[in-house]
Amino acid sequence: MLSLWLGLASNIVGMTVLVYVVYFRRHFRRDLVLAYIALSMGIFAVTLLLSGSGAGMGLGLGLFGILSIIRLRSDTLTQEEVAYYFISLAIGLVNGLHPDPAWLAPTATAALVLVMFLADHPRFAIRTERQTVTLERAYPLKKDLIQALETLLDAQVLRTIVMELDMVRDLTVVDVRFRSHVACRHEEEKGFVDAAELTGPELTVRSHAEQAVLSR
């Protein structure tokens, strides 16, 4: 009974932290907040009932797997949002099983939330971006394509995947991963500003001291 109540509390607290503290403050999509919480609590409830009945766990997990596939196909989700979707499912499943010892489910929930907090941290690969770019020219040569993309995006191109090359319509559609030069310059300028702010008082004190020495 203790493991059951701990599992319920762990599911509620874990999903609150994951959805409201980690996900929403970084991705700002309110509709998925409800979806993640409903998914986790639904998985928790069904897993709890199946674990105490004669029905097989495989049946319940299979049904939720089908529902998950339908949900994922019904709307456009980014890969980050898909990751939160499956973490929510895992949290509900772990706490619904409420295994012994009682601390195991809360520990697993905390570990899953911590993994998402670190893996989706804004400081991780902050300068690396991905875009699908449509160019009004056909680029059969990769070096010409990379040069055009670097000029257009003002960035260092890391990888390109040509999705469409139409020689008739003179069109290129490419999936490009790049490191922005603008972000690099912004970080450098910020570093210079911070350094100036730190050294400003020291320079002021030094100038006052030099003036005092000259006045003598």
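Helices (H or I, at least four residues) and strands (E, at least two) are DSSP runs, numbered from the N terminus. The model shown is predicted: local features need pLDDT of at least 70 and side-chain atom pairs count only at pLDDT 80 or more, while totals for chains, interfaces and linings use all residues. Residues are numbered from 1 along each chain as its sequence is written, and side-chain values use heavy atoms, with hydrogens and water left out.

**View 1. The whole chain.** The chain has seven helices and three strands. Along the sequence they follow the pattern α-α-α-α-α-β-α-β-β-α. Of the 216 residues in the chain, 30% are buried; buried means under 20% relative accessible area, exposed over 50%, and partly exposed in between (1.4 Å probe, protein chains only). The accessible surface comes to about 14200 Å², and 64% of this surface belongs to carbon and sulfur atoms. Accessible areas come from the Shrake-Rupley method with a 1.4 Å probe, and for residues only the protein chains shown count as cover. Among contacts in the chain with a separation of 6 or more, 64% are between residues 24 or more positions apart; contact means heavy atoms within 4.5 Å.

**View 2. Helix α1 against helix α4.** Helix α1 (residues 2-27) packs with α4 at an angle of about 170°, and their axes are 9 Å apart. Axes are lines fitted to C-alpha atoms, for helices over the stretch in contact, and angles run from 0 to 180 degrees between N-to-C directions. The angle makes α1 roughly antiparallel to α4 (under 35 degrees counts as roughly parallel, over 145 as roughly antiparallel, 65 to 115 as roughly perpendicular and the rest as oblique). On the α1 side the contact includes G7, S10, N11 and M15, and on the α4 side the residues include Y84, I87, I91 and N95. By class, the contact of α1 with α4 has seven nonpolar, seven polar and three charged residues. Here Ala, Val, Leu, Ile, Met, Phe, Trp, Tyr, Cys and Pro count as nonpolar, Asp, Glu, Lys and Arg as charged, and the others, Gly among them, as polar.

**View 3. N95 and T109.** N95 is found in helix α4 and is buried, with a relative accessible area of 0%. Leaving aside neighbours within four places in sequence, N95 is in contact with G7, S10, N11, F44, A105, P106 and T109. T109 lies in helix α5 (residues 104-119) and is buried as well, at 3% relative accessibility. Not counting residues up to four places away in sequence, T109 touches S10, G14, I91 and N95. The C-alpha atoms of T109 and I91 are separated by 5.8 Å, with the two residues 18 apart along the chain.

**View 4. Aromatic pairs.** Rings of Phe, Tyr and Trp (its six-membered ring) pair if their centres lie within 6.5 Å; planes under 30 degrees apart count as stacked, over 60 as edge-to-face and the rest as tilted. By this rule the count comes to six aromatic pairs. The ring centres of F24 and F28 are 6.0 Å apart and the planes are at 65°, so this pair is edge-to-face. F24 is partly exposed at 29% relative accessibility, whereas F28 is exposed, with a relative accessible area of 60%. Y36 and Y85 also form an edge-to-face pair, 6.2 Å centre to centre with 70° between the planes. Y36 lies in helix α2 (residues 30-51) and Y85 in helix α4 (residues 79-97), so the pair ties together parts that are 49 residues apart in sequence. Both Y36 and Y85 are buried. Y23, Y36, Y84, Y85 and F86 form one aromatic cluster.
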